[in-house]
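The following account is intended for a reader who meets this structure for the first time. Please keep the sequence and the three-dimensional view at hand while reading.

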Amino acid sequence: MFFKDHAAEFVIAAFGSAAGAYYGAKAAQKIIEDGRGREELLKAISSTNIAITLSYNICNALLTSKKQFIKPLHDDYEREKVLLQNFNQSLALGTIPLGSQHNFTANLQTFPLPKIPVESLQKSIFENTSMTSALLSVFSILSLSADGLQMSVDNRNRLITLYKSRPHGSLTAAEYFGLASGSLVNEDYPTTLAAIVAQTDDAIFFSHLLCVELHEHGMSLSEKFQRLWGDGAPTITKIDWTRAEQNNLLPSHNPYSDWLAMFKKKDLPTSSCWNIKKWFCKHP
């Protein structure tokens, strides 16, 4: 019988055909999955570059405000406070006549806080599934710092409006410097100013940290792309912080060392270009 005589050949041929179809389908599926994986990785790299740009824009806007408004305001305040302290000391020592009056200069200039695109940055970060928990945490702290800074600036503007609404715009040294006046102490202005200074540094620190760490995250994605598919990945955006460092506008890491210590080093993207230890050495 033909079938009986050639049954083995039919079985082998049928098996070979089925196996070929199966492995062909698997290969086709792998090609599709590889293509999807490539596109997903390219999308993650693109989103990371957008997040780097947005975090830099936030940091740069805050650095500009610190240089133009907040640092001069704080320096003026501290200088006037020292002059008042010296006057009171001289008065106590009797080196100046009793009843002498000290005139101080109050800087009541209002200033606009730049628009901080936290919502756009949030969308770019939270829609990027490649982000690490450490990066998400840095963004969350940045968002809280930016909100707090806006509230403090609004509070200071409200206080200035109140002071200027008085006859002749009168403002006492006790109010301006948070000193005792009889049995009362009003520290609204000094605590608000201190909050603005601290929250500005917070927002600068975390936007800077986010920007630098996003770059390293992007570099790790780019290296993965090159390892799997060779060339073709977009260049990762890198920011030059030289001017900010030279102008001494970046805050010290010391107030944030406990926060940074909460994260294990493996949770933070690192490379030969950047790590927290090197940053500490540059920003004691």
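The paragraphs below treat the overall architecture and then the salt bridges.

The model shown here is predicted. Its chain comprises 284 residues, of which 37% count as buried. The secondary structure consists of 8 helices and 2 strands.

Among contacts with a separation of 6 or more, 81% are made by residues 24 or more positions apart. The accessible surface of the chain amounts to about 16900 Å², and carbon and sulfur atoms account for 57% of that surface.

Attention may now turn to charged side chains. How many salt bridges does the structure hold? The number is 6, and three of these pairs are described here, including one between Lys66 and Asp201. In that pair, the side chains meet at 2.8 Å, taken from N to O. The pair joins distant parts of the chain, since Lys66 belongs to helix H1 (residues 2-93) and Asp201 to helix H5 (residues 188-229). The two residues are 135 residues apart. Are Lys66 and Asp201 buried or exposed? Both of them are buried.

The next pair lies within helix H1. The side chains of Arg79 and Asp76 form a salt bridge with an N to O distance of 2.3 Å. Arg79 and Asp76 are 3 residues apart in helix H1, which corresponds to about one turn of the helix. Arg79 has a relative accessible area of 47% and is therefore partly exposed. Asp76 is likewise partly exposed, because its relative accessible area is 27%. These assignments follow because the class of partly exposed residues lies between the limit of 20% for buried and that of 50% for exposed.

A further salt bridge joins Lys81 to Glu78. Here the closest N and O atoms are 3.5 Å apart, and the pair qualifies because the cut-off for a salt bridge is 4 Å. Lys81 and Glu78 are separated by about one helical turn, because they stand 3 residues apart in helix H1. Lys81 has 27% relative accessibility and so counts as partly exposed. Glu78, at 28% relative accessibility, also counts as partly exposed.

Terms used. Residues numbered from 1 in each chain as written. Predicted model: local features only at pLDDT ≥ 70, side-chain atom pairs only at ≥ 80, totals over all residues. Heavy atoms only, no water. Helix = DSSP H or I, 4+ residues; strand = E, 2+ residues; numbered from the N terminus. Buried < 20%, exposed > 50% of the residue type's maximum accessible area, 1.4 Å probe, protein only. Contact = heavy atoms within 4.5 Å. Areas by Shrake-Rupley, 256 points an atom, 1.4 Å probe, with all protein chains shown as cover.
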